[in-house]
Amino acid sequence: MTIPSKPQSVTGQATTTTRGLPLSTPARSTRGPLVRRLLQLYAGLALYGASAALLVEAGLGLEPWGVLHQGLAELTGLTIGVVSIAVGAVVLLLWIPLRQRPGLGTVSNVFVVGLAMDGTLALVPEVHALGVRVPLLLAGVLLNGVATGLYIAARFGPGPRDGLMTGLHRRTGRSIRLMRTAIELAVVVTGFTLGGTIGVGTLLYALSIGPLAQFFLRAFAVAAASDGSTVVATGTPHGAILRR
């Protein structure tokens with residue numbers, strides 16, 4: 001006489017009887033990974049705004065778009081966070097002729113980064129001593145790398161500025177490297193002309209943000225894969241964008 005085997009359980013699938021009736025619900029729920037990704041997205045965007053504020057407080061040079069935001073803030077009298085939101089919205093409008101489709105992360109990027117920047121600037125006291133400004137600069141660059149890895153690994157869509165770069169790449173047939181360089185050179189020159197700060201921090205950011213973002217993107221992608229999420233793959237996504 002043959003003894004019937006026990007129902008087998010497969011990870012991520014319902015256990016069934018020999019008649020095909022389910023005995024249990026799926027082992028994993030998609031709700032957990034989605035909540036984690038949302039938290040990761042907004043934590044990354046908030047940290048990005050905070051890191052940009054630290055670069056402003058250091059006063060030793062900003063990242064390219066920060067130079068433009070600061071220059072426009074000087075010109076208009078608006079806060080740099082409000083200017084960041086306005087510029088992001090204008091850039092997002094440029095997606096229309098480029099036929100780019102924004103995601104949740106794209107729209108959130110426009111608002112959360114600017115609000116976090118103004119909030120951090122309101123909390124951090126103004127500093128003048130070089131011995132304090134240098135650590136602020138280093139902390140800002142490092143935190144920017146962490147923030148970039150967080151929000152990109154969440155996979156809710158690129159920031160408006162990245163979308164402009166990739167959209168121009170597709171429409172013109174020119175390389176991503178060329179489009180990125182052309183846009184950021186134009187942004188830096190315009191921002192500097194308007195009164196934005198260029199300095200050693202600008203150079204340090206340009207040299208270090210790529211490796212930092214790559215490192216943290218891999219770290220957060222691996223962490224995401226370990227909790228059962230099928231949205232963020234292990235390793236670095238091919239062609240990932242490493243800035244807003």
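Ser-84, Val-87, Gly-88, Val-91 and Leu-92 in helix H3 meet Pro-160, Arg-161 and Leu-164 in helix H7, where contact means heavy atoms within 4.5 Å. By class, this contact of H3 with H7 has five nonpolar residues, two polar and one charged. For the classes, Ala, Val, Leu, Ile, Met, Phe, Trp, Tyr, Cys and Pro are nonpolar, Asp, Glu, Lys and Arg are charged, and the others, Gly among them, are polar.

Before going on, this is a predicted model: local features need pLDDT of at least 70, side-chain atom pairs count only at pLDDT 80 or more, and totals for chains, interfaces and linings use all residues. Residues are numbered from 1 along each chain as its sequence is written, and side-chain values use heavy atoms, with hydrogens and water left out.

Back to the helices. H3 covers residues 80-93 and H7 covers residues 160-172; they pack at an angle of about 30 degrees, with their axes 9 Å apart. The axes are lines fitted to C-alpha atoms, for helices over the stretch in contact, and angles run from 0 to 180 degrees between N-to-C directions.

The chain as a whole has nine helices and zero strands. Helices (H or I, at least four residues) and strands (E, at least two) are DSSP runs, numbered from the N terminus. Of the 244 residues in the protein chain, 42% are buried, that is, under 20% relative accessible area with a 1.4 Å probe, protein chains only; exposed is over 50%, and partly exposed is in between. Among contacts between residues at least 6 apart in sequence, 77% join residues at least 24 apart.

Now the aromatics. How many aromatic pairs does the structure hold? It holds three. Rings of Phe, Tyr and Trp (its six-membered ring) pair if their centres lie within 6.5 Å; planes under 30 degrees apart count as stacked, over 60 as edge-to-face and the rest as tilted.

The rings of Tyr-48 and Tyr-151 have centres 6.2 Å apart and planes at 75 degrees, so this pair is edge-to-face. Tyr-48 lies in helix H1 (residues 31-58) and Tyr-151 in helix H6 (residues 130-153), so the pair ties together parts 103 residues apart in sequence. Both Tyr-48 and Tyr-151 are buried.

Phe-216 and Phe-220 form a stacked pair, 6.4 Å centre to centre with 25 degrees between the planes. Both lie in helix H9 (residues 200-226), four residues apart, about one turn of the helix. Phe-216 is buried, with a relative accessible area of 15%. Phe-215, Phe-216 and Phe-220 form one aromatic cluster.
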